[in-house]
Amino acid sequence: MSRTIRYTLVVFALVLVSFLGANAQDYRFAHLDFQRILNDFPEKKVAEAQLYDETQQLKDQLLVMNAELERRFADYMQKRDSLPDLVRNTIEKDLQDTEARIETYREMAMRSVTEKEQRLLKPIVDKIMAAINKVREEHDFTYIFDTSTKVILSYSPLSYDAEPLVRAKLGMD
């Protein structure tokens, strides 16, 4: 290879390396355990208490409905053989309808509890996410990973633990 071509390639390589070095970003990584922060958040305990109270009320109502169905079914079983067909069929249909209403109530109660949990947790999650975003901006982190998801297979000790910063931002520690 001629000297000129070699010289040109060396100059080109130096320009390329300096260009890439000037444009390379300094990536800063951090991690935290989102679930631990959420579980330790004081407002979550209040939300859990509210959710527990509502769940207990719904469960108590379900127990009352089931007890009434069982009482009516036991009463029907005692009289079943002495009842005319039309009466027996009517009672059986009524018991089946009651059982279906109880099942519908159970499904609606579960849905209601799930929706209330989401409504109660959303403002808490939003506060935590706002604190995480502020910490990311203030400390110029490129990424903050959530170690509670167990999706991250490995992270370097060079990754900064941002959890104390987020907890401080939330006034938790």
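**Figure 1. Salt bridges in the predicted model.** The structure holds 16 salt bridges. The model is predicted, not experimental. The views below pick out some of these contacts, then turn to the strands.

**Figure 2. Lys 79 meets Asp 75 in a salt bridge.** The N to O distance is 3.4 Å. Both residues sit in helix H3, which spans residues 42-79. They are about one helical turn apart because 4 residues separate them. Lys 79 is partly exposed, at 42% relative accessibility. Asp 75 is also partly exposed, at 31%.

**Figure 3. Lys 93 pairs with Asp 97 in a salt bridge.** Their closest N and O atoms are 2.9 Å apart. Helix H4 (residues 85-138) carries both residues. The spacing is 4 residues, about one turn of the helix. Lys 93 has 47% relative accessibility and counts as partly exposed. Asp 97, at 30%, is partly exposed too.

**Figure 4. A salt bridge joins Glu 138 and Lys 169.** The closest N and O atoms lie 2.8 Å apart. This pair links distant parts of the chain, 31 residues apart. Glu 138 belongs to helix H4, and Lys 169 to helix H5 (residues 163-169). Lys 169 is partly exposed, with a relative accessible area of 36%.

**Figure 5. Four residues form a salt-bridge network.** Its members are Arg 36, Asp 40, Glu 163 and Arg 167.

**Figure 6. Strand E1 pairs with E2 and E3.** E1 covers residues 29-32, and E2 covers residues 143-146. They run parallel, with 4 bridges between them. Leu 32 has Asp 146 of E2 as its bridge partner. E3 (residues 160-161) is also parallel to E1, joined by 2 bridges. Here His 31 stands opposite Asp 161.

Key:
Residues numbered from 1 in each chain as written. Predicted model: local features only at pLDDT ≥ 70, side-chain atom pairs only at ≥ 80, totals over all residues. Heavy atoms only, no water. Pairing = 2+ DSSP bridges. Salt bridge = Lys/Arg side-chain N within 4 Å of Asp/Glu carboxyl O. Buried < 20%, exposed > 50% of the residue type's maximum accessible area, 1.4 Å probe, protein only.
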